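Please look over the sequence and the 3D structure shown below before reading on.

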Amino acid sequence: MEKNVTYILSCADGSFYTGWTNHLTERVQTHNRGEGAKYTKPRRPVRLAYYEIWDTKQEAMHREWEIKQLTHGEKQELISAGQPDAAGIPCRRLRAGLEARELSFVELSEIYENRMQEDFPAAELKPLSAMERLMDAGHYRPWGFYENRELAAYACLVVCEDCPCALLDYFAVAAERRGTGVGSRCLSVLRELMEGIQVIYIESERRDEACSEEDQSIRVRRQDFYLRAGARRTELTPRICGVGYRLFALPCSENDTELPVRENLEALYHVMFPEERYAEIVGWQ
């Protein structure tokens, strides 16, 4: 892991050691060889108990100092509050003060009631019960992005087994933070968070089907935002429930260009929509 990381090790005597590195796996191995620090050498073996990912070396070093000021109990609370990574190790992913974590259904419900119903037209918002069913089936991953513990943005993605792609179902920035660049930062972080996902597909309403000049201007700005965030246009123009979309692809790896876009998108649509109504909901142009 070649990133700026602040980490906590659990030592053999039950104590904690805090450090920072940009080669996490190698650094833990160095500690276990007795070469990492005087403190850990007589307290081996050590194991990685928690880590935080930061944008810069300076942030990681400052966070190391902050954690070292905590009591043993406070460090345990910090570890307990972490979000397990793919290996089950608690962590927090932070970017320039931005914290991202996958949401529970309770947390998603709160955002749905307090944010989503204002951020999206009623016709575009699926029932919360539908989101719950998708989450229960392992097909829905909601994320929250926080600055100073306040919600800055949120994203909901559809995923399915054996598909290296995800579909961005909802994405919104808190009203008070729009125009600050936080939206682009969140999409950048999201690309790193979706482990095993090579590309995130984004549907954006077609410009040529806008109902007014103002609506067209909104659609243009939205698509330009996705392009600035690193997405690229695809040739696909799906039509969902009669609404035409231009499909964008936001790459999460360098190996996404050869993916069968329509095949993967249809796999995602099949987990979203009931099979008996699929043909009347999903169309192509």
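This is a predicted model: local features need pLDDT of at least 70, side-chain atom pairs count only at pLDDT 80 or more; totals for chains, interfaces and linings use all residues.

Two strands are said to pair if DSSP finds at least two bridges between them, and strands here are DSSP runs of at least two residues, numbered from the N terminus.

**Strand β13 and its partners**

- Strand β13 covers residues 243-251, and because seven of its nine residues are buried, the strand is largely enclosed by the rest of the structure.
- Strand β12, at residues 238-240, pairs with β13 in the antiparallel sense over two bridges, and Ile240 is the residue that stands opposite Val243 in β13.
- These two strands, β12 and β13, form a hairpin with two residues between them, and in that turn Cys241 has a positive phi of about 50°.
- Strand β10, at residues 199-205, runs antiparallel to β13 and is joined to it by seven bridges, with Leu250 in β13 as the bridge partner of Ile200.
- Strand β11, at residues 232-233, is also antiparallel to β13, with two bridges joining them, and Arg232 has Ala249 in β13 as its bridge partner.

**Helix α8**

- Helix α8 has twelve residues, 261-272, which at 1.5 Å a residue should span 16 Å, and this agrees with the 17 Å between its end C-alpha atoms.
- The residues Asn264, Leu265, Leu268, Tyr269 and Met272 of α8 are buried.
- Seen down the axis of α8, the buried residues fall within an arc of 140°, and therefore they line one face of the helix.
- An α-helix has 3.6 residues a turn, so residues three or four places apart point the same way.

Terms used: Residues are numbered from 1 along each chain as its sequence is written. Side-chain values use heavy atoms; hydrogens and water are left out. Helices (H or I, at least four residues) and strands (E, at least two) are DSSP runs, numbered from the N terminus. The expected span of a helix is 1.5 Å times one less than its number of residues. Buried means under 20% relative accessible area, exposed over 50%, partly exposed in between (1.4 Å probe, protein chains only). The arc is that of the directions from the helix axis to the C-beta atoms.
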